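Reader: I have a structure to read and some questions about it. Can we take them one at a time?

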Amino acid sequence: ALPIFSEGEHYWEVVVGDKPRWSLGVVSETANRKGRLHASPSNGFWLLGFKDGKVYEAYVEQKEPRQLKVEEKPEKIGLYLSISDGVLSFYNADDDDNLRLLYTFHEKFSGKLYPFFDVCWHDKGQIGRA
């Protein structure tokens with residue numbers, strides 16, 4: 001069973017390795033998770049994504065996700081969630097002693113949140129060499 005976050009501070013890491021595509025973050029218990037996802041904070045999704053082996057995106061309240069500048073391609077992403085502070089931050093966690101911030105959402109969270117992981121298993125295990 002997935003953890004449920006409704007209070008406190010939480011940190012976890014996800015190894016994305018060489019995957020050419022992935023999405024990570026949290027999703028609200030009230031978000032519609034059936035059919036095509038409309039990933040934005042107003043729909044209960046706070047996500048960071050990677051696509052085409054080179055493009056990093058934050059799924060914000062805009063028609064298109066916000067592209068991010070990322071200096072080095074991380075193999076491990078750290079996520080820090082503080083419910084009371086209304087913060088969800090994503091880090092390049094390749095170096096445990098030097099986490100590098102990728103993006104932060106500032107939001108007044110309410111209700112239960114669940115971790116969201118899509119490391120694109122439907123790619124049949126293929127990995128990219130971007």
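Reader: What is the order of the strands in the open sheet of 5 strands?

Author: This is a predicted model, where local features need pLDDT of at least 70, side-chain atom pairs count only at pLDDT 80 or more, and totals for chains, interfaces and linings use all residues. Residues are numbered from 1 along each chain as its sequence is written, and side-chain values use heavy atoms, without hydrogens and water. Strands are DSSP runs of E, at least two residues, numbered from the N terminus, and two strands pair if DSSP finds at least two bridges between them. Here the pairing is antiparallel, and the order is E5-E4-E3-E2-E9.

Reader: Which strands stand at the edges?

Author: An edge strand here has a single partner strand, so one side is left without a neighbour in the sheet. That holds for E5 (66–68) and E9 (113–118).

Reader: Which residue in E9 is the bridge partner of Leu-24?

Author: Strand E2 (residues 22–28) pairs with E9 in the antiparallel sense, over 6 bridges. In E9, the partner of Leu-24 is Phe-117.

Reader: Is Glu-64 buried or exposed, and what is its relative accessible area?

Author: Glu-64 lies in the loop between strand E4 (55–58) and E5. Buried means under 20% relative accessible area, exposed over 50%, and partly exposed in between, with a 1.4 Å probe and protein chains only. Glu-64 is exposed, because its relative accessible area is 55%.

Reader: How far apart in space are Glu-64 and Ser-110, C-alpha to C-alpha?

Author: In sequence, Glu-64 and Ser-110 are 46 residues apart. In space, C-alpha to C-alpha, the distance is 25 Å.

Notes:
Helices (H or I, at least four residues) and strands (E, at least two) are DSSP runs, numbered from the N terminus.
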